[in-house]
Amino acid sequence: MTPTPPLLPTSLPELEQLADLASRAGAHAELHTLAWVESKAGTFPVQVLRLGSRAADAPALGLFGGVHGVERIGTQVVLAYLHSLVESLRWSGLTHDLLERVSLVFMPIVNPVGLMRATRANGNGVDLMRNSPVEASCPVTWPLGGQRLTRHLPWFRGQVMEPEASALCSAVTHYLMDRPFSLALDCHSGYGRQDRLWFPFAGRREPPPNIATITALRRLFLTSYPNHNYYAIEPQWLHYMTHGDLWDHLTLQAQHRPGVFTPFTLEMGSWLWVRKNPLQLLRFTGLFNPVKPHRQQRVLRRHLVLIDFLLRAVEGYRLWLPTQQQAEQLRQEAMALWFNR
């Protein structure tokens, strides 16, 4: 952790909500500041909240949001789940039992300056999801795939890793990797008319090392929740390819370490909200967030089932994680689904 700087931040409701939830969770929670980022309005913390088991061999689930500041709904989805979990500590023995066996990591406000300004990039004009050192192995569309020409154009990659991107990678490295099993879910919005669960890679047309685990988890979700088939579970490169994806970077790092680490990106289909309320296009934030209160509430509850499923899958990973023999069959299934095209 870094010391508190003298310049206080402007109030950011989501930071206040995170601090309040950490306080209400009491001894169950640890709230750490991983970095400080500055803007004209003040200095903001990049924070991570930990709940549950502190055992090094406990399986773990990480929930991330706010990598792109304009996509506020991603932050709100993570905070909504954290709120439900903290509230259940007051009345649910099952929650207490679960937290004794599983480690939970919440990082809902990765880009606080972008959140305050309602911008995709951080305070330095860098798109954090183009900011890792990974280079795509195939040609990408410029500038969508990431560019280093100028921060005045969108999808600027920056020259070095930004403090926010480094903080996210540090949280994953310290709290998720090297465990026997861990999952990460990074919540975004703004693409398409369908909710999508993307997995690496974004910069290469090949399966990630743990593709059998991903395929098994997909099968598990579809059979357990047959009425929640509105998620398209697929590799990101099927839609567009990018340089510098943080989850590509972390996946490549994890393949040389013990344990199974699997990240997903929840890409909420914001075009659905725009179709139902075209007037929200009059505001830039309306392209990425539901505007009407009832629609926002619907989105916040819509994904609670998914996150609860991921938590239970983490807790029970020994019951469903594929054996070596099953892994080969699942890999062939994945190749037929996504890669033999």
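Which residues line the largest cavity? I started there. I found Leu185, Leu197, Leu217, Arg218, Phe221, Ile233, Phe264, Leu306, Phe309 and Leu310.

**Ground rules.** This is a predicted model, where local features need pLDDT of at least 70 and side-chain atom pairs count only at pLDDT 80 or more, while totals for chains, interfaces and linings use all residues. Residues are numbered from 1 along each chain as its sequence is written, and side-chain values use heavy atoms, with hydrogens and water left out.

**Cavities.** My search used a 1 Å grid over the protein atoms alone; a cavity is a set of points where a 1.4 Å probe fits but cannot get out, and lining residues have an atom within 4 Å of a point. Grid points are joined across faces, edges and corners, and a volume is the space filled by probe spheres set on the points. The whole structure gave 3 cavities of 30 Å³ or more. I read about 80 Å³ for the largest cavity. Helix 6 (211-224) and helix 10 (304-315) are the elements that give two or more residues to its lining. Helices (H or I, at least four residues) and strands (E, at least two) are DSSP runs, numbered from the N terminus. I sorted that lining into 9 nonpolar, no polar and 1 charged. Here Ala, Val, Leu, Ile, Met, Phe, Trp, Tyr, Cys and Pro count as nonpolar, Asp, Glu, Lys and Arg as charged, and the others, Gly among them, as polar.

The second largest cavity holds about 60 Å³. Its lining includes Trp198, Gln236, Asp245 and Phe264. Strand 8 gives the most, 3 residues.

**Pocket.** A pocket is an open set with protein on both sides within 12 Å along at least five of seven lines. The largest pocket has about 590 Å³ of space. It is lined by 34 residues, and His68, Glu71, Arg120, Asp127 and Trp155 are the closest to its centre. I counted 15 nonpolar, 10 polar and 9 charged in the lining of the largest pocket. Strand 5 supplies the largest share, 3 residues.

I traced 8 strands in an open sheet, order 1-2-4-3-5-8-6-7, with mixed pairing. Two strands pair if DSSP finds at least two bridges between them. Strand 1 (29-39) and strand 7 (231-235) are at the edges with a single partner strand each, so one side of each has no neighbour in the sheet. Strand 1 pairs with strand 2 (residues 42-52) in the antiparallel sense over 10 bridges. Histidine 32 is opposite valine 48 in strand 2.
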